[in-house]
Amino acid sequence: MSLEEIYKLKIITAKQAAQKIKSGNRVVTGHACGEPQNVLEEMVKNKDSYENVEIVHMVPMGKAEYTKPGMEKHFKHNALFVGSATRGAIADGRADFTPCFFSKVPELFENGYLPVDVAIIQVSAPDDHGYCSFGVSVDYTKPAAKQAKVVIAEVNKEMPRTMGDSFIHVSEIDYIVEVNHPITELNPPRIGDIEKAIGKYCASLIEDGSTLQLGIGAIPDAVLLFLKDKKDLGIHSEMISDGVVELVEAGVITNKAKTLHKGKIIVTFLMGTKRLYDFVNNNPMVEMYSVDYVNDPIIVSKNNKMVCINSAIQVDLMGQVNAETIGLTQFSGTGGQVDFIRGASIAKDGKSIIAMPSTASKGKISRITLMLDEGAAITTLRNEVHYVVTEYGIAELKGKTLKGRARALINIAHPDFRPSLIEEWENRFKAKF
């Protein structure tokens with residue numbers, strides 16, 4: 001039987017695919033902009049056929065209607081990272097959250113912690129040899145598909161064909177749903193004066209020949225604005241967005257100085273616009289691998305001059321970082337922050353940076369605090385952070401005493417909050433600031 005015949009035999013509709021899901025199944029879906037929306041929409045329509053279907057994923061970019069009130073009998077969502085579409089359901093108890101390093105998510109599927117009944121993925125059209133690319137979402141999506149009892153693939157002609165270890169053969173797919181719609185896009189965020197100031201300070205810490213990990217949002221994008229005078233930068237990051245394309249085209253990102261995967265951008269998922277997706281399509285400069293490789297701290301550490309830039313909700317005066325909760329409320333997740341901070345800490349000449357605005361709630365709350373809020377999670381330990389950056393400057397923590405690192409953090413807090421922080425510092429350390 002030819003590949004074309006095998007392919008055609010597997011084609012079903014999204015409605016038929018939803019009917020392959022059974023009550024009590026654990027369903028893992030593709031991640032972020034690679035989310036397979038058509039089958040999920042049909043599952044919601046088919047809700048009365050299900051009881052207790054567990055839906056597992058990280059960031060959703062769709063509506064996540066299976067988490068809405070009234071869906072509790074049919075679906076339970078197990079979040080490995082909390083996004084805007086699922087935050088309310090978790091706060092209200094209709095869904096739950098499983099803490100996990102991003103790099104360790106595949107292990108949950110592989111070692112029996114979260115056995116996968118069904119993986120619903122979105123992939124590119126097959127090439128002449130029958131291989132479909134996972135496109136913008138390799139991360140945990142490929143490991144989930146590898147472990148699943150049933151694999152349902154939305155085959156989308158718009159999905160870019162990304163290189164690296166980013167493929168699944170048609171023979172490994174049980175059911176195919178053909179779709180043809182643009183890949184979900186994440187538009188660039190608004191970059192204000194605060195973000196620009198933070199970006200400029202972060203950029204000052206980046207040397208020529210550094211390899212970068214950048215997160216998502218206005219601050220990482222602002223950092224990219226101030227790198228145009230750098231030379232031979234490289235990328236080893238869990239994700240990239242449109243700003244990286246501009247620096248490649250400007251000759252700033254060449255990957256020539258990398259000590260691992262020289263000449264290549266290494267990434268595990270993508271979130272951006274069509275510009276990014278067109279750039280990565282069939283581009284041998286960009287290689288995508290599953291997250292247990294890309295985010296493995298030991299792998300990360302093989303990049304000399306590894307610089308990782310991540311954000312936080314709060315940093316206390318000891319340097320402990322809360323990047324995921326507001327008090328007891330789960331706001332986001334651990335993600336890859338600790339993976340990369342540990343990797344950069346091990347790397348030769350590596351740097352780990354926490355970058356954040358000095359305040360929250362329109363200036364009413366200081367993000368630099370005497371102690372983290374009651375119930376807050378400690379995402380990153382105080383021993384692992386090298387620099388903290390706000391719009392007021394850079395606090396270098398590595399090698400400093402508790403007294404010294406607290407002083408450095410107070411100096412980059414918002415001026416409105418420095419007097420109270422200094423008073424707390426003096427009470428704690430029995431000294432004059």
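Q: In this predicted model, which residue with a positive phi follows helix H9?
A: Helix H9 spans residues 242–249. The helix is followed by a glycine whose phi is positive, near 80 degrees. That residue is Gly251.

Q: Which residues of helix H9 are buried?
A: Helix H9 has cover from other elements, including helix H8 (218–225), strand E12 (234–240), strand E13 (265–270) and helix H10 (274–280). The buried residues under this cover are Asp242, Val244, Val245, Leu247 and Val248.

Q: Is His236 buried or exposed?
A: His236 is found in strand E12, and E12 is among the elements that cover the buried residues of H9. The cut-off for a buried residue is under 20% relative accessible area. The value for His236 is 0%, so the residue is buried.

Q: Which backbone oxygen does the side chain of His236 reach?
A: Leaving aside neighbours within four places in sequence, His236 is in contact with residues including Thr211, Val294, Asn303, Met306 and Phe340. With Asn303 there is a side-chain to side-chain polar contact of 3.4 Å. The backbone oxygen is reached at 2.8 Å, and it belongs to Val294.

Q: Which strands are the edges of the open sheet of nine strands?
A: The order of this sheet is E8-E14-E13-E12-E11-E15-E20-E24-E25, with mixed pairing. An edge strand here pairs on one side only. The two that do so are strand E8 (163–164) and strand E25 (393–396).

Q: How many bridges pair strand E15 with strand E20?
A: E15 covers residues 306–310 and E20 covers residues 351–355, and the two pair in the parallel sense. Along this pairing, Val307 has Lys351 as its bridge partner, and Asn310 has Ile354. The number of bridges between E15 and E20 is four.

Q: Which residue of E15 stands opposite Thr211?
A: Strand E11 (residues 211–214) pairs with E15 in the parallel sense over four bridges. Thr211 belongs to that E11 range. Its opposite in E15 is Met306.

Q: Why is E15 described as largely enclosed by the rest of the structure?
A: Both faces of the strand are covered, with Met306, Cys308 and Asn310 on one side and Val307 and Ile309 on the other. E15 is largely enclosed because its buried residues number five of the five.

Q: How many of the ten residues of helix H13 are buried?
A: Helix H13 runs over residues 337–346 and is largely enclosed by the rest of the structure. Its buried residues are Gln337, Val338, Asp339, Phe340, Ile341, Gly343 and Ala344. Phe340 is also one of the contacts of His236. The number buried in H13 is seven.

Q: Which residue in E4 is the bridge partner of His77?
A: Strand E3 (residues 75–79) has four of its five residues buried, so it is largely enclosed by the rest of the structure. Five bridges join E3 in parallel to strand E2 (residues 53–57), where His57 stands opposite Ala79. E3 is also joined in parallel to strand E4 (residues 95–97), by three bridges. In E4, the partner of His77 is Ala95.

Q: Which arginine lies over the face of Phe331?
A: Arg418 lies over the face of another ring, that of Tyr392, at 5.4 Å from the ring centre. For Phe331, the distance from the ring centre is 3.8 Å, and the residue is Arg87.

Q: How many residues are in the largest nonpolar core?
A: Among the members that touch the most others are Phe109, Ile121, Ile168 and Leu227. Ile168 touches residues including Ile121, Val123, Tyr131 and Phe134, not counting those up to four places away in sequence. Apart from this core lies another, of 32 residues, among them Leu317 and Leu409. The largest core has 75 residues.

Conventions: Residues numbered from 1 in each chain as written. Predicted model: local features only at pLDDT ≥ 70, side-chain atom pairs only at ≥ 80, totals over all residues. Heavy atoms only, no water. Lys NZ or Arg CZ within 6 Å of the ring centre and 35° of its normal. Buried < 20%, exposed > 50% of the residue type's maximum accessible area, 1.4 Å probe, protein only. Contact = heavy atoms within 4.5 Å. Pairing = 2+ DSSP bridges. Core = buried A, V, L, I, M, F, W, Y, C linked by side-chain atoms within 4.5 Å. Polar contact = N/O pair within 3.5 Å; in protein donor to acceptor, adjacent residues only side chain to side chain.
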